[in-house]
Amino acid sequence: MTISKPAARRTVLREADAEAGRQLNTLTGWRRFIDGPPAPPALSSRSAWQRKPASERDLYDEDRLDHHARMLTIATSFVEKTAICGRRLILLNRHAISARRGLIVSGPAGTGKTIAITQLGRSHELLDRARHPRVTDRIPVVYVTVPPAATARMIATEFARFLGLPVRARSNMTDIIEAVVGVCTDTRTGLVLVDELHNISLTSRHGAEVADTLKYFSERLPATFVYAGIDIAESSLLSGTRGAQIAGRFTLIPSRPYPYNNEWKGLVATMEDALRLHDHRQGTLTDMDRFLHDHTGGMIGSLSHAIRGAAIDAILTGTEKITKKSLQSIPLDHTAHTTASMATKTATSR
């Protein structure tokens with residue numbers, strides 16, 4: 001049966017809406033992330049693509065657009081370092097009664113912090129599944145993000161929301177915390193990932209209360225806590241009495257822009273291998289790896305955004321290839337522009 005073009009588009013939109021609702025900070029979204037993305041679509045020959053009926057071609061193109069829209073996870077040295085350090089802390093904390101050690105991943109935006117901690121969480125959960133096959137009532141990893149201008153109740157609610165626990169307007173903090181602690185204990189949670197930690201400021205009363213709430217959770221839960229945020233090492237979170245407590249228990253792993261070296265070249269090559277474009281000549285991006293480094297300031301997030309954005313444009317416009325001009329047409333974040341400009345000025349002054 002041939003699907004009409006409007007019906008095909010409605011199906012794609014419904015699936016896109018459903019996908020948007022599967023966020024990492026919900027248990028359903030996290031488990032979908034653990035199960036991994038679908039296999040990349042097969043690339044038809046250009047002639048076979050052009051012979052497809054319009055409805056089939058639209059669906060085929062939507063599959064390719066969806067593929068390029070996904071963030072490709074690459075096993076960089078930073079991801080590997082975070083995974084090793086996190087795994088070490090989990091093992092050291094296994095029999096600790098109190099004062100469990102944690103991990104802070106800190107650095108500029110776009111340097112792969114979220115990728116690193118979520119890959120740590122994924123490896124921990126997959127290992128837990130392998131050790132406990134056919135057991136479905138375990139939640140080995142909890143992933144939450146700190147909301148902007150967070151309060152203690154808001155961060156407790158984020159934990160409850162991940163676990164799917166109802167939070168009513170009349171629920172007090174004690175009720176929420178006890179429910180979260182009870183479920184995490186019963187389901188053997190061993191790793192808690194807290195992202196966007198820079199949204200906490202210890203200079204405000206609410207920020208201090210959020211920090212105290214996270215500390216209380218870490219004392220009540222037999223789990224390793226991993227924090228990630230922008231430039232945490234330079235923030236108020238590691239200063240003062242509360243900050244000293246955090247600094248004394250947490251190992252800090254800094255994230256930085258990537259230098260132009262063999263690892264950077266490998267990143268570009270891996271991303272190019274993942275492209276599904278009909279007229280893209282393999283090696284085009286690797287030949288431009290120096291330009292891509294200068295253009296993105298060595299930011300892996302900006303590199304991924306530029307390549308994926310140019311690939312999406314190539315499908316939407318029908319050019320089916322990525323060029324230097326198409327890469328330059330993708331607006332990048334301010335941090336990447338600033339870093340790239342500073343690198344250019346430094347190189348010019350030498």
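A salt bridge here is a side-chain nitrogen of Lys or Arg within 4 Å of a carboxyl oxygen of Asp or Glu. The model on the screen is a predicted one.

Arg161 forms a salt bridge with Glu158, and their closest N and O atoms are 3.4 Å apart. Both sit in helix H7, residues 152-163. They are three residues apart there, so about one helical turn separates them. How exposed is each partner? Arg161 has 40% relative accessibility, so it counts as partly exposed. Glu158 has 11%, so it counts as buried.

Now the whole protein. It has 350 residues, and 44% of them count as buried. There are 16 helices and five strands. The accessible surface comes to about 18000 Å². Carbon and sulfur atoms hold 55% of that surface. Look at the contacts with a separation of 6 or more: 74% of them join residues 24 or more positions apart.

Back to charges. Side chains of opposite charge can pair when their charged atoms come close. How many salt bridges does the rule give in total? The count is 12.

Take Arg64 and Glu320. They form a salt bridge, with 2.8 Å between the closest N and O atoms. This pair links distant parts of the chain, 256 residues apart. Arg64 is in helix H4, residues 54-69. Glu320 is in the loop between helix H14 (300-317) and helix H15 (324-328). Are these two buried or exposed? Both Arg64 and Glu320 are buried.

Next, Arg220 and Glu178. Their side chains meet in a salt bridge at 2.9 Å, N to O. Arg220 is partly exposed, with a relative accessible area of 29%. Glu178 is partly exposed too, at 38%.

There is also a network. Salt bridges link Asp35, Glu125 and Arg129.

Glu125 takes us to helix H6, where it is one of the buried residues. H6 covers residues 113-131, 19 residues in total. From first C-alpha to last, H6 reaches 27 Å, close to the 27 Å expected at 1.5 Å a residue. Its other buried residues include Lys113, Ile115, Leu120, His124 and Asp128. What covers them? The cover includes helix H2 (27-35), helix H5 (77-93) and strands S1 (102-107), S2 (141-145), S3 and S4 (224-230).

Lys113 brings us to Ser255, because contact means heavy atoms within 4.5 Å, and Lys113 is among the contacts of Ser255. Where is Ser255? It lies in the loop between strand S5 (250-254) and helix H11 (262-273). Ser255 has 2% relative accessibility, so it counts as buried. Leaving aside neighbours within four places in sequence, Ser255 also touches Phe78, Ser106, Gly107, Pro108 and Thr111. With Thr111 there is a polar contact, side chain to side chain, at 2.7 Å.

Last stop, another loop residue. Thr203 lies between strand S3 (191-195) and helix H9 (205-220). Thr203 is exposed, with a relative accessible area of 69%. Which residue is 7.0 Å from it, C-alpha to C-alpha? That is Ser236, 33 residues apart from Thr203 in sequence.

Methods
Residues numbered from 1 in each chain as written. Predicted model: local features only at pLDDT ≥ 70, side-chain atom pairs only at ≥ 80, totals over all residues. Heavy atoms only, no water. Helix = DSSP H or I, 4+ residues; strand = E, 2+ residues; numbered from the N terminus. Buried < 20%, exposed > 50% of the residue type's maximum accessible area, 1.4 Å probe, protein only. Polar contact = N/O pair within 3.5 Å; in protein donor to acceptor, adjacent residues only side chain to side chain. Expected span 1.5 Å × (residues − 1). Areas by Shrake-Rupley, 256 points an atom, 1.4 Å probe, with all protein chains shown as cover.
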